[in-house]
Amino acid sequence: MLDLKSIRQDPEQLRTALKNRNYGMAQLDALLAEDKHWRERKQKWEEKRSERNKLSLEINQLKKDGKPIEPVIARSKKFDDELKAAEEAVFEIEDKLNALVMGMPNIPDASVPVGKDEAANPVVRTIGKPSKTSKQVLPHDEAGMKLGWLDFERGVKLAGHRFVVLHGLGARLERAILNFMLDQNTGKGYKEVFPPLLVNTPTMTGTGQLPKFAEELYHCEKDDLWLIPTAEVPVTNLYANEILEEYDLPKYHTAYTPCFRREAGAYGKDIKGIIRQHQFNKVELVKFCLPESSFDELEGMVRDAESILQKLELPYRVIQLCTGDIGFAAAKTYDIEVWMPSQDKYREISSCSNCTDFQSRRANIRFRRKGKLEFVHTLNGSGLAVGRTMVAILENYQDANGITIPKVLRDFMKIDRVEFADANSSRK
(Lines give C-alpha, C1' and ligand atoms only; values in the text may rest on other atoms or scores of the structure.)
Protein backbone atom coordinates (compact mmCIF):
# COMPACT_ATOMS: atom_id res chain seq x y z
CA MET A 1 0.00 0.00 0.00
CA LEU A 2 1.28 3.43 -0.88
CA ASP A 3 1.56 6.24 1.64
CA LEU A 4 -1.44 8.53 1.11
CA LYS A 5 0.49 11.49 2.48
CA SER A 6 3.15 10.99 -0.21
CA ILE A 7 0.49 10.76 -2.90
CA ARG A 8 -0.96 14.09 -1.77
CA GLN A 9 2.45 15.75 -1.73
CA ASP A 10 3.56 14.46 -5.13
CA PRO A 11 0.72 12.98 -7.20
CA GLU A 12 2.75 13.41 -10.38
CA GLN A 13 5.25 10.79 -9.19
CA LEU A 14 2.45 8.26 -9.00
CA ARG A 15 0.99 9.47 -12.30
CA THR A 16 4.35 8.82 -13.99
CA ALA A 17 4.67 5.42 -12.31
CA LEU A 18 1.19 4.39 -13.45
CA LYS A 19 1.93 5.53 -16.98
CA ASN A 20 5.15 3.49 -17.02
CA ARG A 21 3.23 0.50 -15.67
CA ASN A 22 0.61 0.85 -18.43
CA TYR A 23 -2.10 1.68 -15.88
CA GLY A 24 -4.91 4.04 -16.75
CA MET A 25 -5.23 7.34 -14.91
CA ALA A 26 -8.92 7.04 -14.02
CA GLN A 27 -8.22 5.33 -10.68
CA LEU A 28 -5.69 7.99 -9.66
CA ASP A 29 -8.05 10.79 -10.65
CA ALA A 30 -10.79 9.13 -8.61
CA LEU A 31 -8.44 8.76 -5.64
CA LEU A 32 -7.38 12.41 -5.70
CA ALA A 33 -11.01 13.56 -6.02
CA GLU A 34 -12.13 11.27 -3.18
CA ASP A 35 -9.23 12.45 -1.02
CA LYS A 36 -10.20 16.09 -1.57
CA HIS A 37 -13.81 15.24 -0.74
CA TRP A 38 -12.74 13.37 2.39
CA ARG A 39 -10.59 16.25 3.68
CA GLU A 40 -13.42 18.74 3.10
CA ARG A 41 -15.97 16.59 4.93
CA LYS A 42 -13.53 15.81 7.72
CA GLN A 43 -12.87 19.52 8.23
CA LYS A 44 -16.62 20.15 8.50
CA TRP A 45 -16.94 17.27 10.94
CA GLU A 46 -14.13 18.64 13.09
CA GLU A 47 -15.70 22.10 13.00
CA LYS A 48 -18.98 20.60 14.24
CA ARG A 49 -17.15 18.70 16.97
CA SER A 50 -15.55 21.96 18.05
CA GLU A 51 -18.94 23.66 18.14
CA ARG A 52 -20.38 20.73 20.06
CA ASN A 53 -17.61 21.06 22.64
CA LYS A 54 -18.41 24.75 22.98
CA LEU A 55 -22.04 23.89 23.66
CA SER A 56 -20.95 21.45 26.36
CA LEU A 57 -18.85 24.17 27.98
CA GLU A 58 -21.79 26.57 27.73
CA ILE A 59 -24.09 24.08 29.45
CA ASN A 60 -21.58 23.55 32.25
CA GLN A 61 -21.24 27.30 32.74
CA LEU A 62 -25.00 27.81 32.80
CA LYS A 63 -25.26 25.11 35.47
CA LYS A 64 -22.62 26.87 37.56
CA ASP A 65 -24.44 30.19 37.16
CA GLY A 66 -27.78 28.60 38.06
CA LYS A 67 -29.31 29.61 34.74
CA PRO A 68 -31.75 27.61 32.56
CA ILE A 69 -30.02 25.02 30.38
CA GLU A 70 -33.02 23.45 28.57
CA PRO A 71 -32.81 25.66 25.41
CA VAL A 72 -29.11 24.91 25.02
CA ILE A 73 -29.67 21.17 25.63
CA ALA A 74 -32.31 21.18 22.88
CA ARG A 75 -29.83 22.82 20.53
CA SER A 76 -27.19 20.30 21.63
CA LYS A 77 -29.39 17.27 20.85
CA LYS A 78 -30.13 18.61 17.38
CA PHE A 79 -26.42 19.25 16.95
CA ASP A 80 -25.63 15.67 18.02
CA ASP A 81 -27.71 14.33 15.13
CA GLU A 82 -25.88 16.58 12.66
CA LEU A 83 -22.52 15.58 14.13
CA LYS A 84 -23.35 11.86 13.82
CA ALA A 85 -24.40 12.30 10.18
CA ALA A 86 -21.18 14.21 9.46
CA GLU A 87 -19.11 11.48 11.11
CA GLU A 88 -20.83 8.72 9.12
CA ALA A 89 -20.21 10.63 5.89
CA VAL A 90 -16.50 10.93 6.71
CA PHE A 91 -16.17 7.20 7.44
CA GLU A 92 -18.08 6.29 4.28
CA ILE A 93 -15.76 8.39 2.13
CA GLU A 94 -12.76 7.05 4.06
CA ASP A 95 -13.72 3.48 3.15
CA LYS A 96 -13.90 4.41 -0.53
CA LEU A 97 -10.58 6.22 -0.29
CA ASN A 98 -8.86 3.28 1.40
CA ALA A 99 -10.18 0.91 -1.29
CA LEU A 100 -8.73 3.17 -3.99
CA VAL A 101 -5.36 3.36 -2.24
CA MET A 102 -5.32 -0.44 -1.83
CA GLY A 103 -5.83 -0.76 -5.58
CA MET A 104 -2.75 1.28 -6.43
CA PRO A 105 0.40 -0.68 -7.41
CA ASN A 106 3.83 -0.04 -5.96
CA ILE A 107 6.02 2.64 -7.52
CA PRO A 108 8.91 1.10 -9.52
CA ASP A 109 12.38 1.99 -8.35
CA ALA A 110 14.35 4.46 -10.48
CA SER A 111 16.67 1.61 -11.54
CA VAL A 112 13.82 -0.29 -13.23
CA PRO A 113 13.93 0.09 -17.04
CA VAL A 114 10.88 1.72 -18.59
CA GLY A 115 9.15 -0.59 -21.05
CA LYS A 116 5.73 -1.65 -22.27
CA ASP A 117 5.95 -5.43 -21.79
CA GLU A 118 8.28 -8.41 -21.44
CA ALA A 119 9.93 -7.63 -24.76
CA ALA A 120 11.65 -4.71 -22.99
CA ASN A 121 13.14 -6.86 -20.20
CA PRO A 122 16.95 -6.70 -20.44
CA VAL A 123 19.06 -9.81 -19.90
CA VAL A 124 21.37 -9.23 -16.92
CA ARG A 125 23.51 -12.37 -17.31
CA THR A 126 23.45 -15.84 -18.85
CA ILE A 127 25.02 -18.78 -17.02
CA GLY A 128 25.80 -22.06 -18.75
CA LYS A 129 25.38 -22.98 -22.39
CA PRO A 130 22.32 -24.95 -23.53
CA SER A 131 23.41 -28.31 -24.90
CA LYS A 132 20.06 -29.67 -26.05
CA THR A 133 17.23 -28.46 -28.29
CA SER A 134 13.77 -29.63 -29.26
CA LYS A 135 15.29 -31.83 -31.97
CA GLN A 136 17.16 -33.85 -29.36
CA VAL A 137 14.68 -34.41 -26.53
CA LEU A 138 11.13 -35.45 -25.81
CA PRO A 139 8.97 -32.79 -24.13
CA HIS A 140 8.92 -33.32 -20.37
CA ASP A 141 5.32 -34.57 -20.36
CA GLU A 142 6.09 -37.29 -22.93
CA ALA A 143 9.31 -38.26 -21.16
CA GLY A 144 7.53 -38.30 -17.80
CA MET A 145 4.74 -40.51 -19.10
CA LYS A 146 7.25 -42.80 -20.81
CA LEU A 147 8.99 -43.23 -17.45
CA GLY A 148 5.68 -43.80 -15.70
CA TRP A 149 6.28 -40.76 -13.47
CA LEU A 150 3.56 -38.36 -14.66
CA ASP A 151 -0.06 -39.52 -14.66
CA PHE A 152 -2.27 -36.84 -16.20
CA GLU A 153 -5.23 -39.16 -16.79
CA ARG A 154 -5.67 -39.92 -13.11
CA GLY A 155 -5.00 -36.29 -12.19
CA VAL A 156 -7.97 -35.30 -14.35
CA LYS A 157 -10.07 -38.09 -12.85
CA LEU A 158 -9.34 -36.95 -9.31
CA ALA A 159 -9.50 -33.18 -9.68
CA GLY A 160 -9.85 -32.04 -13.30
CA HIS A 161 -7.68 -30.26 -15.81
CA ARG A 162 -4.24 -28.93 -14.72
CA PHE A 163 -3.72 -31.57 -12.04
CA VAL A 164 -1.28 -34.47 -12.13
CA VAL A 165 -0.39 -37.54 -10.08
CA LEU A 166 3.31 -38.33 -9.57
CA HIS A 167 4.30 -42.00 -9.30
CA GLY A 168 7.35 -43.86 -8.08
CA LEU A 169 10.65 -42.20 -8.85
CA GLY A 170 8.79 -39.16 -10.15
CA ALA A 171 7.30 -38.57 -6.70
CA ARG A 172 10.70 -39.22 -5.15
CA LEU A 173 12.36 -36.73 -7.51
CA GLU A 174 9.83 -34.05 -6.50
CA ARG A 175 10.65 -34.72 -2.86
CA ALA A 176 14.38 -34.80 -3.55
CA ILE A 177 14.26 -31.44 -5.32
CA LEU A 178 12.40 -29.63 -2.55
CA ASN A 179 14.57 -31.19 0.17
CA PHE A 180 17.69 -30.15 -1.71
CA MET A 181 16.39 -26.60 -2.08
CA LEU A 182 15.47 -26.30 1.60
CA ASP A 183 18.87 -27.61 2.64
CA GLN A 184 20.59 -25.09 0.36
CA ASN A 185 18.51 -22.20 1.69
CA THR A 186 18.87 -23.06 5.36
CA GLY A 187 22.60 -23.44 4.76
CA LYS A 188 22.63 -19.80 3.64
CA GLY A 189 20.98 -18.57 6.82
CA TYR A 190 17.28 -18.77 5.96
CA LYS A 191 15.14 -20.06 8.83
CA GLU A 192 12.79 -22.80 7.67
CA VAL A 193 9.09 -22.49 8.48
CA PHE A 194 6.06 -24.52 7.47
CA PRO A 195 3.03 -22.19 7.55
CA PRO A 196 -0.70 -22.86 7.17
CA LEU A 197 -1.89 -23.47 3.62
CA LEU A 198 -5.22 -21.76 4.37
CA VAL A 199 -5.14 -18.13 5.49
CA ASN A 200 -7.66 -15.47 6.41
CA THR A 201 -8.64 -12.40 4.40
CA PRO A 202 -6.39 -9.92 6.28
CA THR A 203 -3.39 -12.17 5.59
CA MET A 204 -4.17 -12.37 1.88
CA THR A 205 -4.71 -8.59 1.83
CA GLY A 206 -1.41 -7.90 3.59
CA THR A 207 0.72 -9.07 0.68
CA GLY A 208 -1.48 -7.57 -2.04
CA GLN A 209 -3.34 -10.63 -3.35
CA LEU A 210 -6.62 -9.11 -2.17
CA PRO A 211 -8.65 -7.40 -3.29
CA LYS A 212 -7.10 -7.12 -6.76
CA PHE A 213 -6.47 -10.79 -7.58
CA ALA A 214 -9.46 -12.47 -5.92
CA GLU A 215 -10.55 -14.31 -9.06
CA GLU A 216 -7.18 -16.04 -9.30
CA LEU A 217 -7.51 -17.50 -5.79
CA TYR A 218 -9.37 -20.44 -4.27
CA HIS A 219 -11.76 -19.23 -1.57
CA CYS A 220 -13.44 -21.41 1.09
CA GLU A 221 -16.44 -19.14 1.57
CA LYS A 222 -17.99 -20.98 4.53
CA ASP A 223 -14.90 -20.34 6.67
CA ASP A 224 -13.66 -17.24 4.80
CA LEU A 225 -10.28 -18.87 4.28
CA TRP A 226 -8.12 -18.79 1.16
CA LEU A 227 -5.76 -21.42 -0.23
CA ILE A 228 -2.37 -19.79 -0.54
CA PRO A 229 -1.02 -19.06 -4.06
CA THR A 230 2.53 -18.91 -2.67
CA ALA A 231 4.27 -19.23 0.70
CA GLU A 232 5.07 -15.52 0.39
CA VAL A 233 1.56 -14.82 1.74
CA PRO A 234 1.70 -16.53 5.16
CA VAL A 235 5.45 -16.08 5.68
CA THR A 236 5.40 -12.31 5.01
CA ASN A 237 2.45 -11.99 7.39
CA LEU A 238 4.23 -13.81 10.22
CA TYR A 239 5.00 -10.37 11.68
CA ALA A 240 1.77 -8.59 10.73
CA ASN A 241 0.76 -5.97 13.31
CA GLU A 242 4.05 -6.48 15.15
CA ILE A 243 6.92 -4.16 16.02
CA LEU A 244 10.40 -5.55 15.51
CA GLU A 245 13.58 -4.07 16.90
CA GLU A 246 16.28 -2.69 14.61
CA TYR A 247 18.68 -5.36 15.88
CA ASP A 248 16.19 -8.07 14.81
CA LEU A 249 16.78 -7.20 11.15
CA PRO A 250 17.38 -8.62 8.66
CA LYS A 251 15.26 -11.74 9.04
CA TYR A 252 15.50 -14.51 6.43
CA HIS A 253 12.90 -17.27 6.03
CA THR A 254 12.43 -20.17 3.63
CA ALA A 255 9.37 -22.35 3.28
CA TYR A 256 8.19 -25.27 1.20
CA THR A 257 4.46 -25.30 0.54
CA PRO A 258 2.01 -26.56 -2.02
CA CYS A 259 0.57 -23.55 -3.89
CA PHE A 260 -2.90 -23.19 -5.38
CA ARG A 261 -3.86 -20.95 -8.28
CA ARG A 262 -6.98 -20.89 -10.39
CA GLU A 263 -4.93 -19.63 -13.34
CA ALA A 264 -7.84 -17.42 -14.38
CA GLY A 265 -7.16 -16.00 -17.81
CA ALA A 266 -4.47 -18.59 -18.53
CA TYR A 267 -6.60 -20.96 -20.55
CA GLY A 268 -4.78 -22.06 -23.67
CA LYS A 269 -1.37 -21.37 -22.11
CA ASP A 270 0.92 -24.30 -21.28
CA ILE A 271 -1.90 -26.78 -21.68
CA LYS A 272 0.43 -29.77 -21.86
CA GLY A 273 2.61 -30.87 -19.00
CA ILE A 274 3.19 -29.49 -15.52
CA ILE A 275 4.49 -25.98 -16.18
CA ARG A 276 1.17 -24.35 -15.30
CA GLN A 277 -0.84 -26.34 -12.74
CA HIS A 278 -3.63 -25.45 -10.32
CA GLN A 279 -1.61 -27.14 -7.55
CA PHE A 280 2.18 -27.14 -7.47
CA ASN A 281 5.05 -27.19 -4.99
CA LYS A 282 7.39 -24.27 -4.48
CA VAL A 283 10.18 -23.33 -2.09
CA GLU A 284 10.02 -19.65 -1.16
CA LEU A 285 12.53 -17.12 0.13
CA VAL A 286 11.33 -14.17 2.21
CA LYS A 287 13.34 -11.34 3.77
CA PHE A 288 12.53 -8.55 6.22
CA CYS A 289 15.17 -5.82 6.30
CA LEU A 290 16.05 -2.19 6.91
CA PRO A 291 14.92 0.20 4.13
CA GLU A 292 18.44 1.33 3.27
CA SER A 293 19.65 -2.25 2.64
CA SER A 294 16.71 -3.73 0.76
CA PHE A 295 18.10 -3.39 -2.76
CA ASP A 296 21.38 -5.01 -1.72
CA GLU A 297 19.33 -7.75 -0.07
CA LEU A 298 17.50 -8.27 -3.38
CA GLU A 299 20.77 -8.85 -5.21
CA GLY A 300 21.72 -11.38 -2.52
CA MET A 301 18.39 -13.17 -2.82
CA VAL A 302 18.84 -13.53 -6.58
CA ARG A 303 22.31 -14.99 -6.05
CA ASP A 304 20.91 -17.46 -3.51
CA ALA A 305 18.25 -18.64 -5.98
CA GLU A 306 20.83 -18.85 -8.77
CA SER A 307 23.13 -21.02 -6.68
CA ILE A 308 20.53 -23.81 -6.71
CA LEU A 309 20.50 -23.90 -10.52
CA GLN A 310 24.28 -23.77 -10.57
CA LYS A 311 24.52 -26.82 -8.32
CA LEU A 312 21.95 -28.60 -10.46
CA GLU A 313 24.11 -27.63 -13.47
CA LEU A 314 21.15 -26.27 -15.40
CA PRO A 315 21.68 -23.45 -17.93
CA TYR A 316 19.79 -20.27 -17.06
CA ARG A 317 19.67 -16.53 -17.43
CA VAL A 318 18.66 -13.60 -15.23
CA ILE A 319 16.48 -10.82 -16.61
CA GLN A 320 15.26 -7.61 -15.02
CA LEU A 321 11.59 -6.83 -15.41
CA CYS A 322 10.68 -3.51 -16.95
CA THR A 323 7.98 -1.18 -15.60
CA GLY A 324 5.31 -2.68 -17.86
CA ASP A 325 5.98 -6.25 -16.70
CA ILE A 326 6.70 -5.82 -12.99
CA GLY A 327 4.26 -7.23 -10.45
CA PHE A 328 1.63 -5.27 -8.52
CA ALA A 329 3.47 -5.18 -5.17
CA ALA A 330 7.04 -5.00 -6.49
CA ALA A 331 9.35 -2.01 -6.76
CA LYS A 332 12.04 -4.05 -8.53
CA THR A 333 12.08 -7.62 -9.83
CA TYR A 334 14.52 -10.06 -11.36
CA ASP A 335 13.30 -13.23 -13.05
CA ILE A 336 15.50 -16.29 -13.34
CA GLU A 337 14.73 -18.33 -16.44
CA VAL A 338 15.94 -21.89 -16.97
CA TRP A 339 16.59 -23.39 -20.41
CA MET A 340 13.73 -25.62 -21.62
CA PRO A 341 15.07 -27.66 -24.58
CA SER A 342 11.68 -28.83 -25.87
CA GLN A 343 10.58 -25.21 -26.26
CA ASP A 344 13.95 -23.90 -27.43
CA LYS A 345 13.71 -21.04 -24.97
CA TYR A 346 14.22 -19.96 -21.38
CA ARG A 347 11.23 -20.13 -19.01
CA GLU A 348 10.74 -18.50 -15.62
CA ILE A 349 11.68 -20.66 -12.65
CA SER A 350 12.06 -17.92 -10.03
CA SER A 351 10.95 -14.34 -9.55
CA CYS A 352 12.69 -12.27 -6.86
CA SER A 353 11.19 -8.93 -5.84
CA ASN A 354 11.83 -6.05 -3.48
CA CYS A 355 8.42 -4.78 -2.37
CA THR A 356 9.96 -1.95 -0.28
CA ASP A 357 7.35 -0.85 2.32
CA PHE A 358 4.34 -1.64 0.12
CA GLN A 359 3.42 -4.89 1.88
CA SER A 360 4.55 -3.82 5.35
CA ARG A 361 2.15 -0.85 5.24
CA ARG A 362 -0.73 -3.17 4.35
CA ALA A 363 0.25 -5.74 6.99
CA ASN A 364 1.46 -3.12 9.51
CA ILE A 365 4.94 -4.59 10.02
CA ARG A 366 7.18 -2.02 11.69
CA PHE A 367 10.49 -1.79 13.48
CA ARG A 368 11.78 0.53 16.19
CA ARG A 369 14.88 2.61 15.49
CA LYS A 370 16.10 5.16 18.03
CA GLY A 371 12.66 5.29 19.57
CA LYS A 372 10.83 5.90 16.28
CA LEU A 373 8.71 3.44 14.34
CA GLU A 374 9.36 2.74 10.65
CA PHE A 375 8.01 0.23 8.16
CA VAL A 376 10.30 -2.66 7.28
CA HIS A 377 11.06 -3.56 3.68
CA THR A 378 9.92 -7.00 2.52
CA LEU A 379 11.37 -9.16 -0.24
CA ASN A 380 10.28 -12.47 -1.68
CA GLY A 381 11.46 -14.90 -4.31
CA SER A 382 11.16 -18.49 -5.48
CA GLY A 383 13.97 -20.69 -4.40
CA LEU A 384 12.75 -22.43 -6.62
CA ALA A 385 9.56 -23.63 -8.33
CA VAL A 386 9.83 -27.39 -7.76
CA GLY A 387 7.71 -28.60 -10.70
CA ARG A 388 9.52 -26.42 -13.21
CA THR A 389 12.82 -27.66 -11.84
CA MET A 390 11.66 -31.21 -12.52
CA VAL A 391 10.71 -30.18 -16.05
CA ALA A 392 14.17 -28.73 -16.61
CA ILE A 393 15.82 -31.91 -15.30
CA LEU A 394 13.65 -34.21 -17.43
CA GLU A 395 14.68 -32.32 -20.55
CA ASN A 396 18.24 -31.12 -19.91
CA TYR A 397 19.38 -34.46 -18.45
CA GLN A 398 17.65 -36.56 -21.07
CA ASP A 399 19.21 -38.68 -23.81
CA ALA A 400 17.78 -41.26 -26.20
CA ASN A 401 17.78 -44.00 -23.56
CA GLY A 402 16.67 -42.26 -20.39
CA ILE A 403 17.34 -39.63 -17.73
CA THR A 404 20.52 -39.07 -15.75
CA ILE A 405 19.96 -37.82 -12.20
CA PRO A 406 21.84 -34.59 -11.32
CA LYS A 407 24.81 -35.32 -9.07
CA VAL A 408 23.53 -33.23 -6.17
CA LEU A 409 20.26 -35.20 -6.05
CA ARG A 410 21.67 -38.71 -6.15
CA ASP A 411 21.93 -39.09 -2.37
CA PHE A 412 18.25 -38.19 -2.14
CA MET A 413 17.20 -40.37 -5.08
CA LYS A 414 19.38 -43.41 -4.24
CA ILE A 415 19.84 -43.85 -7.98
CA ASP A 416 22.07 -42.29 -10.65
CA ARG A 417 19.99 -42.92 -13.73
CA VAL A 418 16.71 -44.35 -15.01
CA GLU A 419 16.29 -45.94 -18.43
CA PHE A 420 13.18 -45.59 -20.54
CA ALA A 421 13.23 -49.35 -21.26
CA ASP A 422 13.51 -50.24 -17.58
CA ALA A 423 10.61 -47.97 -16.73
CA ASN A 424 8.43 -49.49 -19.45
CA SER A 425 9.21 -53.06 -18.43
CA SER A 426 8.32 -52.40 -14.78
CA ARG A 427 5.19 -50.35 -15.40
CA LYS A 428 1.94 -51.91 -14.23
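Visitor: Let's start with a location. In which strand does Leu384 lie?

Guide: Leu384 lies in strand S16, residues 377-385. Helices (H or I, at least four residues) and strands (E, at least two) are DSSP runs, numbered from the N terminus. Before we go on: this is a predicted model, where local features need pLDDT of at least 70 and side-chain atom pairs count only at pLDDT 80 or more, while totals for chains, interfaces and linings use all residues. Residues are numbered from 1 along each chain as its sequence is written, and side-chain values use heavy atoms, with hydrogens and water left out.

Visitor: What is the peptide bond from Gly383 to Leu384 like, cis or trans?

Guide: Here's the general idea: most peptide bonds are trans, and most residues other than glycine have a negative phi. The bond from Gly383 to Leu384 is cis, with omega near 10 degrees. Another cis bond joins Leu210 and Pro211, with omega about 5 degrees. Pro211 sits in the loop between helix H8 (201-206) and strand S6 (218-220).

Visitor: And phi? Where does Glu313 lie, and what is its phi?

Guide: Glu313 is in the loop between helix H10 (294-312) and strand S11 (316-320). Its phi is positive, near 55 degrees, though Glu313 isn't a glycine. Lys370, also not a glycine, has a positive phi of about 50 degrees. You'll find Lys370 in the loop between strand S14 (366-369) and strand S15 (372-375).

Visitor: Is Lys370 buried or exposed?

Guide: Buried means under 20% relative accessible area, exposed over 50%, and partly exposed is in between (1.4 Å probe, protein chains only). Lys370 has 82%, so it counts as exposed. Glu313 is exposed as well, at 51%.

Visitor: Why does Asn106 count as buried?

Guide: Because its relative accessibility is 5%. Asn106 lies in the loop between helix H4 (70-102) and strand S1 (123-127).

Visitor: Which residues does Asn106 touch?

Guide: Contact means heavy atoms within 4.5 Å. Leaving out residues up to four places away in sequence, Asn106 touches several, including Leu2, Arg21 and Phe358. A polar atom of the Asn106 side chain lies 3.0 Å from the backbone oxygen of Ala329, and one lies 3.1 Å from the backbone oxygen of Cys355.

Note on methods:
Polar contact = N/O pair within 3.5 Å; in protein donor to acceptor, adjacent residues only side chain to side chain.
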